[in-house]
Amino acid sequence: MSSLTTSETTPPPAAPPTVGFDLDLTLIDTRPGIKAAWEAFSAETGVPVDADLVVSRLGPPLEHEMAYWVPEALVPEMVARYRALYPAYAIEPSAPMPGARDAIRAVREAGGRTIVVTAKNGPHAELHLAHLGIEPDAVVGGLWAEGKAEALRAHGAQVYVGDHVGDVRGAAAANALSVAVATGPCAPEELKEAGADVVLTDLTDFRPWWEGYLA
């Protein structure tokens, strides 16, 4: 499967770089688990939630989504209640995205490092990855959009892979190459317009792109 859109990229570094990956809808299809967690949250709290709508717009932090369903003053409390339910409902149903494991392997085989930088809180991100046997070199949670640049810079990431325009902005803020995958809520054209350097159909396209990038 070929990439949908590409643009001129900067020359590769002398040594394989550290590559950052987003989590939700980039490495892992968390939609079934997140939907189950929101349904459990709604049943427990009585807060009406359209879980299908929630999973159609994954990417921003949980606090942003919760604010659609409860008054602002209740957001911290309700976020805590949702997170308490999350491990029991969200981990088991989630699955790796196509090509996710191979993308991690491709970086490793070239001598590079992989990190996951996500808006999801770190402990839950680690639970997802451990459950699926995906082992990045580091996991950093709780960062969104331009805020992801903090972790990308700290780990020396020169490439960041994500599915959301927020991920594109995070890569730009870190001066990292933005590789977008059209597997989340953002269309390829939207990702390109946001400034993605490369837009792939999904992570099954990552290895061929990566090998060409390093060549």
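In the predicted model, D29 is buried, with a relative accessibility of 18%, because buried residues are those under 20%. Its salt-bridge partner is R31, and the closest N and O atoms of the two residues are 2.9 Å apart. R31 is partly exposed, at a relative accessible area of 32%.

In total, 14 salt bridges were counted. One of them joins R207 to D102, with the closest N and O atoms 2.8 Å apart. This pair connects distant parts of the chain, since R207 belongs to helix α10 (residues 206-214) and D102 to helix α5 (residues 100-109), 105 residues apart. R207 is buried at 19% relative accessibility, whereas D102 is partly exposed at 22%. A further salt bridge links D167 and K148, whose closest N and O atoms are 2.6 Å apart. D167 lies in helix α8 (residues 165-173) and K148 in the loop between β6 (138-140) and α7 (149-154), so parts 19 residues apart in sequence are tied together. Both partners are buried: the relative accessible area is 3% for D167 and 1% for K148. Through shared partners, salt bridges also unite D102, R105, E109, R207 and E211 in one network.

Helix packing was examined for α1 (residues 31-45) and α4 (residues 75-90), whose axes come within 8 Å and cross at roughly 130°. The two helices are therefore oblique to each other, and the crossing of α1 past α4 is right-handed. Residues making the contact include I34, W38 and F41 of α1 and Y82, L85 and Y89 of α4. By class, the contact residues comprise 12 nonpolar, 2 polar and 2 charged.

Conventions: Residues numbered from 1 in each chain as written. Predicted model: local features only at pLDDT ≥ 70, side-chain atom pairs only at ≥ 80, totals over all residues. Heavy atoms only, no water. Axes fitted to C-alpha atoms, helices over the stretch in contact; angles between N-to-C directions. Helix = DSSP H or I, 4+ residues; strand = E, 2+ residues; numbered from the N terminus. Parallel < 35°, antiparallel > 145°, perpendicular 65-115°, else oblique. Left-handed = near helix turned anticlockwise from the far one by under 90°. Contact = heavy atoms within 4.5 Å. Nonpolar A, V, L, I, M, F, W, Y, C, P; charged D, E, K, R; others polar. Salt bridge = Lys/Arg side-chain N within 4 Å of Asp/Glu carboxyl O. Buried < 20%, exposed > 50% of the residue type's maximum accessible area, 1.4 Å probe, protein only.
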